[in-house]
Amino acid sequence: MLLDAEGAAWRNARARTDAGIGKGAAAYVAPCWTVVVPFFNEEADLAATLESLAGQTMRFRLVLVDNGSVDASARVASETCERLGLDHILLHQGLPGKINALKLGLDHVHTRFVATCDADTWYPAIYLEEAQRLLERPGCVVAGAYFIGPRDGEAERRRESANIRLAARLMPRQCHAGGAGQAFRTEALKAAGGFDPRRWNYVLEDHEVIHRVMRHGTMHYADAFWCVPSDRERDRESIRWTLVERLVYSATAPIAGDWFFYKFLARRLDARRLTTERMRERAYQHLAGVVREPAYSMR
């Protein structure tokens, strides 16, 4: 679709050209980045996330995916993007669960690179620039950012940087970064099957998708590639894997990743009912009955 492939900035440039104002489309250069931000009831944090993205040194298109919010998140998203002048589209995914929102978002990505960002995370201005620097290395198909806390200083940042880079050297075939800090070569991500609930409908989808993408190349990290997730309180049941599962992952990822995810881990997560919609975090956010819109809409 023209709307998806070219974005609002291109349409505005064409309109200026058609009206005889300036160079318009002739001077327009399409960005090489798309940022996908899924959200569910994030009205408190979403504006700050979008403001941090608006300060990026690299141009990008923004794909926002509302996953059935019942608060003012969609309004906050639209108003903030308009205020900041962000080239964006807002999609509505009625199927609950982050993997469904990411799948819809990726369907609207047509740029060379794509970053998945969380709606409650702050991104430094050079975030996409550093991601591109990593992704332009020969063979690199995914870049992973490390997390630091909102009140961490330089010493804490350096420690987290050293930890993730050491882990990557010792265990290069594993994922050491969460979904809030992942950036991909779009071609490799789509070739690997993208975000697909038919393949993986559980939590920890950020690790499973990296397993598939790394069949196409390597994952890199860097000292300057980081972000800051919020430190809000969590009142959900644990959705993390157990120590046993982590140990088995470490042992099998380089040689038997398919067995680990699709035979071993999937059965265990299924037994604990840790499907993708269980990532909804607050007690008042009921899993059933929150979505009043069609399974997919766009505005």
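**Close-up 1. Packing of helix α2 against helix α3 in the predicted model**. Helix α2, made of residues 46-54, packs on helix α3, made of residues 73-84, at an angle of about 25 degrees, and the two axes are 9 Å apart. Since angles under 35 degrees count as roughly parallel, α2 and α3 are therefore described as roughly parallel to each other. The crossing in which α2 passes α3 is right-handed. On the α2 side the contact is formed by L46, A47, L50, E51 and A54, which meet S73, V76, A77, T80, C81, R83 and L84 of α3. Sorted by class, this contact of α2 with α3 comprises 8 nonpolar, 2 polar and 2 charged residues.

**Close-up 2. The largest nonpolar core and the surroundings of L265**. The largest nonpolar core of the model has 48 residues, and within this core F184 and L265 are the residues with the most contacts. Helix α9, which spans residues 243-271, supplies the largest share of this core, namely 9 residues. When neighbours within four places in sequence are left aside, L265 is in contact with W200, L204, W241, E245 and F260. Apart from this core lies another one, of 35 residues, which includes C81, A115, A119 and F225.

**Close-up 3. Two non-glycine residues with positive phi, L204 and R273**. L204, although not a glycine, has a positive phi of about 65 degrees, and this residue is placed in the loop between α7 (186-191) and α8 (205-213). With a relative accessible area of 11%, L204 falls under the 20% limit and is therefore classed as buried. R273, likewise not a glycine, has a positive phi of about 60 degrees and is placed in the loop between α9 and β11 (296-298). The relative accessible area of R273 is 58%, which is over the 50% limit, so R273 is classed as exposed.

**Close-up 4. Helix α8 and the elements that pack around its buried residues**. In helix α8, 9 of the 9 residues are buried, so this helix is largely enclosed by the rest of the structure. The buried residues are E205, D206, H207, E208, V209, I210, H211, R212 and V213. The helices against which these buried residues of α8 pack are α4 (98-107), α7 and α9, and the strands are β6 (140-144), β8 (182-185) and β9 (218-220).

Conventions. Residues numbered from 1 in each chain as written. Predicted model: local features only at pLDDT ≥ 70, side-chain atom pairs only at ≥ 80, totals over all residues. Heavy atoms only, no water. Axes fitted to C-alpha atoms, helices over the stretch in contact; angles between N-to-C directions. Helix = DSSP H or I, 4+ residues; strand = E, 2+ residues; numbered from the N terminus. Parallel < 35°, antiparallel > 145°, perpendicular 65-115°, else oblique. Left-handed = near helix turned anticlockwise from the far one by under 90°. Contact = heavy atoms within 4.5 Å. Nonpolar A, V, L, I, M, F, W, Y, C, P; charged D, E, K, R; others polar. Core = buried A, V, L, I, M, F, W, Y, C linked by side-chain atoms within 4.5 Å. Buried < 20%, exposed > 50% of the residue type's maximum accessible area, 1.4 Å probe, protein only.
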